[in-house]
Amino acid sequence: MTGLSPIMAFALVGAIGVGSQWLAWRVRMPAIVLMLVAGLVIGPGLGLFVPDRDIGDLVKPMISIAVAIILFEGGLTLNFRSLRDEAKGVGRLVFIGAPLGWLLSTLALRYGAGLSWESSTVFGGIMIVTGPTVIAPLLRTARLSRRPASLLQWEAIVNDPLGALAAVLAFEVVLVMRTAVTVGSAVTELLLGVVVALALGAAGAAIVAWGFRKGRVPEYMKVPVLFSLLLVVFAISDTVLHESGLLAVTVMGIGIANSDLPSYAELRRFKEHATILLVSGVFILLAAAVEFDTLAALDWRAVVFVLLVVLVVRPLTVWLSLLGAGLGWREQLLVALTGPRGVVLVAVAGLFGERLAELGVADGLTVAPLAFVLVAFTVVVHGFTLVPFARMLGLSGSAVPGVLLIGGSRWTLGLAEALRKVEVPVLIADPNHVNLRPARAVGLETYSGDILSESAEHWLELVSYDLVVAATENDAYNTLVATDLGPEFGRDNVYQITREKNESSRHALSSSLTGREFGPEETYGGLQKLMREGWTFRVTRLTEEYTLKEWREKRPHAKVVARVGPQGTTEFIREDEDIRAAPGVRIISMLPPGEEKGTDPEAGHEIARQAAKNKPGGQKGGVKAGAGAAWSKAHRRKPGGKKPHAA
């Protein structure tokens with residue numbers, strides 16, 4: 001088959017890689033699995049794309065640079081302040097887990113796969129790596145609790161360059177044994193490379209911090225300067241000692257992450273987008289470069305080796321490392337049985353396998369296919385089992401996506417109770433703990449503090465919530481919440497109540513910054529007025545007999561707020577938006593005082609009921625139950641002086 005031009009090859013890799021990620025998002029499958037399958041199909045399967053033929057000698061340097069950028073972006077996420085109670089566990093996984101994993105992996109390769117001691121020792125060092133290129137997409141999909149997610153993320157990123165350096169160390173030993181290279185020169189080269197890598201990484205981080213903080217780099221040049229400096233640091237370090245560039249860029253990323261730069265969030269966001277592209281491209285390249293004949297040459301020992309790594313080496317390493325670290329058995333079990341390997345393992349194993357073969361090690365060329373089989377197996381297994389396994393252990397976000405309500409008020413209290421009735425997890429956050437008293441009085445989850453603070457990231461399991469509703473009395477703060485949390489939750493999942501219309505353009509907020517509008521076209525004041533007038537929330541289940549059309553005819557003045565699907569997926573609705581109706585769908589709406597007394601066939605629970613009651617003197621008045629009663633009762637108490645806290 002005629003090869004593709006380099007331009008067409010790059011376009012195909014980009015389209016297949018990003019297309020696989022998008023398809024995985026649509027069908028809720030692990031993206032890594034689809035990318036692996038896609039690469040095998042267009043590469044050895046159909047022969048449409050062969051990296052060495054279509055791109056040539058650029059393949060290896062492209063993969064090396066891509067891995068360096070991925071590790072740098074991973075380093076940017078490692079802020080020491082975010083560790084706190086995970087610091088001990090992370091330290092043990094790095095300082096105890098890495099050498100222990102090297103030893104156990106070497107034994108598995110020697111006695112399981114049947115490799116020589118030379119190949120086993122070099123490949124065993126590489127297997128310290130657990131793969132940030134795989135862990136990051138898996139964590140994004142699995143929505144793990146903070147502690148196990150933090151442990152897996154830190155271990156993957158920090159141990160990645162350590163695994164490469166361990167392989168370098170083992171290879172230097174083989175080099176001394178099989179050539180005229182002396183022990184002294186090998187040790188000197190290794191130590192020099194490590195020192196240079198650490199120094200370059202620290203210097204790169206210091207230059208960036210100084211230049212950005214002092215205003216020496218204009219805003220529009222920050223990303224290009226950062227990217228160029230990253231490549232320079234990687235290239236110089238890698239020239240001094242091969243594979244030490246990975247250590248240098250990781251140190252540089254961690255240094256920048258802990259420098260408190262004002263533009264840090266924007267830099268990290270750009271790098272996250274770049275990493276998605278790079279992970280997609282690298283996985284397609286590596287999978288397409290596989291040769292089925294090489295894999296077919298492996299025997300039953302390859303299966304034994306993979307099972308030993310997954311069921312013995314990884315669990316034993318984690319268990320011994322975390323012994324006495326203060327983690328619960330569920331968290332230890334999850335981390336122990338989650339050890340996917342990724343791009344770095346395949347790339348570095350292929351490189352050192354060739355070098356071992358050049359030195360006369362007979363089984364050197366077996367290293368690369370073994371690495372690919374291990375990566376493929378762990379990617380598929382962890383890709384499909386991590387979510388249900390974490391959920392079974394109670395360490396994952398709820399199967400039903402939750403809703404995060406920002407602002408404590410009568411209206412958010414009523415909405416929260418309605419969502420709770422349909423078993424949607426809900427939390428109300430407000431900096432003023434007095435505003436949260438009514439919610440606590442009825443047993444709702446609350447957080448007293450600023451949702452944008454670092455404390456909120458530490459105390460709240462935000463992975464349990466997919467949707468955000470900014471509904472405070474301050475339009476500017478609502479807009480800030482929508483802007484800040486938009487990239488984290490997805491802008492389609494961040495909503496905001498209608499803002500006050502300001503006739504003066506100088507006081508009006510930009511329409512491009514707001515969250516999505518929904519429900520009644522009422523401002524904060526308008527919503528509170530409706531609640532004071534006696535409007536109530538109601539949940540109505542649609543059936544084949546009781547359709548949306550019949551409900552609208554019966555409730556002509558109802559204001560639709562949200563639609564909850566049969567699987568519990570919540571979707572907030574604009575007042576003029578069409579509702580996707582189907583049996584099993586539940587409608588959350590607001591009803592005026594007169595309409596809520598009727599009974600809907602197959603309807604859900606009514607959230608707040610009006611109970612007529614005679615007042616002294618013969619006058620009749622309404623006593624509000626539910627949201628209104630809870631709010632009124634709680635606010636008759638004197639304000640307390642408690643500090644903000646999570647409840």
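The structure is a predicted model, in which local features need pLDDT of at least 70 and side-chain atom pairs count only at pLDDT 80 or more, whereas totals for chains, interfaces and linings use all residues. Residues are numbered from 1 along each chain as its sequence is written, and side-chain values use heavy atoms, with hydrogens and water left out.

W319 lies in helix α15, and its C-alpha atom is separated by 8.1 Å from that of L333, 14 residues apart along the chain. Helices (H or I, at least four residues) and strands (E, at least two) are DSSP runs numbered from the N terminus. A nonpolar surface patch of about 780 Å² includes W319 together with V303, L307, L311, V312, L316, L320, L323 and F377; helix α15 (residues 300–321) gives the most to this patch, with seven residues, and V303 is found in that helix. Such patches are made of residues with over 30% relative accessible area and no salt bridge, nonpolar side chains (Val, Leu, Ile, Met, Phe, Trp, Tyr) being joined within 5 Å and like charges within 9 Å. A salt bridge is a side-chain nitrogen of Lys or Arg within 4 Å of a carboxyl oxygen of Asp or Glu, and accessible areas come from the Shrake-Rupley method with a 1.4 Å probe, where for residues only the protein chains shown count as cover.

S237, in helix α11 (residues 222–240), is buried, with a relative accessible area of 0%. Residues up to four places away in sequence being excluded, S237 touches A197, L200, S244, G245 and A248, contact meaning heavy atoms within 4.5 Å.

An open sheet of four strands has the order β6-β9-β7-β8 with antiparallel pairing, two strands being paired if DSSP finds at least two bridges between them. Because β6 (536–541) and β8 (570–572) stand at the edges, each with a single partner strand, one side of each is left without a neighbour in the sheet. The twist averages 25° from one strand to the next. β6 and β9 (residues 586–591) pair over six bridges, and F537 stands opposite M590 in β9. Helix α19 (residues 410–421) lies across β6, β7 (559–564), β8 and β9, running at about 20° to β6; axes are lines fitted to C-alpha atoms, for helices over the stretch in contact, and angles run from 0 to 180 degrees between N-to-C directions.

Key
Buried means under 20% relative accessible area, exposed over 50%, partly exposed in between (1.4 Å probe, protein chains only).
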